[in-house]
Amino acid sequence: MTDAPLGEVLSSAPPTLSDDAALQLAQRHFGLTGTLKRLTSERDLNMRISTPGQTYVLKLANPAEAAEVTDFQTKALLHLQGSNLPVPQVIRTTSGATEVVTPHGILRLLTYLEGTPQHLTASTPAQARAMAVMAARLTKGLAGFAHPAADYVLQWDIKQASALRPMLPAVPEDMQALAQAALARFEALAPALPSLRWQVVHNDLNPHNVLVSPDDPDAIAGVLDFGDMVRTPLICDAAIAASYCVDPARALDSVLNFARAYHAVLPLTPAEARLFPDLVATRMLTTLTIASARAKAYPDNATYILRNVATARAGLAALAAVPRGDMLNALEAL
């Protein structure tokens, strides 16, 4: 197994709790009774609780996650309440608290968002544009939000990509050259990142964290999982969302399709536009590298951990084949 420096949270298995114990916690702290269904998660324990009048998500944070980081996520959702963005609402305990400290981890309750998981639908240019608009709206909604834990170090943060190097041996052999080249391009651009616009961002707009309307798969119905939030250059968040919208058969067109829709809501600076394609590739590299390392560490959860690897592999190869001058010239014309 690769000795990957993933950090304590990414190296820790999700917490464990029986269904009966989870329902007892829901009753004791939130006054809820209902039926429980476990949801997939990489680091935390998430359970859906259905009651006659409402459906909720009971979340138990990974014990390795610092309490201030969990509070950071909760406060961000509170900041977004009333924003008309389709994000979960924080439900308070019967005593008015937003979090409960338990021996198993910090417990929270959120509303359950209805919709079809984006990854179960066909990707289309219209859906990519809708995703770009939602990403820009969410970034604008988080503008001005601050928290003491916003600068914590998380390997999923694009600006931390240099720390991927010790994990590169976990990447499949046929992708090694592309992975090395993508990391070299990131390290060449990294000195420009401090001069860009920074703020708190969602940092994980992948198709498993996005819901679309059952009646219109091109309409975004919900955004989930604020567990990877950080303060970072806002263009990194746009690049993350775009990395899951790249069509390998038309890589240049799909990058531009996303960038134009995002730019129409939250205009990019010329410097951000120039860095955008390499940051998209960096997110693909991050997905490929971390997932490969974690799947080896947790083979029982490998199917879930590797859920976005095929997209990252194909996208990274496709972007590498686009003439760099063509990409940059097109982005300059946004």
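A salt bridge here is a side-chain nitrogen of Lys or Arg within 4 Å of a carboxyl oxygen of Asp or Glu. Arg324 and Asp278 make one, with their closest N and O atoms 2.6 Å apart. By this rule, the count for the structure comes to ten salt bridges.

Keep in mind that this is a predicted model, where local features need pLDDT of at least 70, side-chain atom pairs count only at pLDDT 80 or more, and totals for chains, interfaces and linings use all residues. Residues are numbered from 1 along each chain as its sequence is written, and side-chain values use heavy atoms, with hydrogens and water left out.

**Arg324 and Asp278**

- Arg324 sits in helix 10 (residues 324–332) and Asp278 in helix 7, so this pair ties together parts that are 46 residues apart in sequence. (Helices are DSSP runs of H or I with at least four residues, strands are runs of E with at least two, and both are numbered from the N terminus.)
- Asp278 counts as buried at 8% relative accessibility, while Arg324 is partly exposed at 46%. (Buried means under 20% relative accessible area, exposed over 50%, and partly exposed in between, using a 1.4 Å probe and protein chains only.)
- Arg185 joins in too: Arg185, Asp278 and Arg324 are linked in a network of salt bridges.

**Two other salt bridges**

- Asp174 pairs up with Arg313, their closest N and O atoms being 2.6 Å apart.
- Asp174 is in the loop between helix 3 and helix 4 (176–189) and Arg313 is in helix 9 (residues 309–320), so the pair ties together parts 139 residues apart in sequence.
- Asp174 is exposed at 56% relative accessibility, and Arg313 is partly exposed at 25%.
- Glu272 forms a salt bridge with Arg197, again with the closest N and O atoms 2.6 Å apart.
- Glu272 is buried, at 0% relative accessibility, but Arg197 is partly exposed at 31%.

**Helix 3 against helix 6**

- The axes of helix 3 (residues 125–142) and helix 6 (residues 251–265) come within 8 Å and cross at roughly 35°. (Axes are lines fitted to C-alpha atoms, for helices over the stretch in contact, and angles run from 0 to 180 degrees between N-to-C directions.)
- Among the residues that meet are Met131 and Ala135 in helix 3, and Phe258 and Tyr262 in helix 6. (Contact means heavy atoms within 4.5 Å.)
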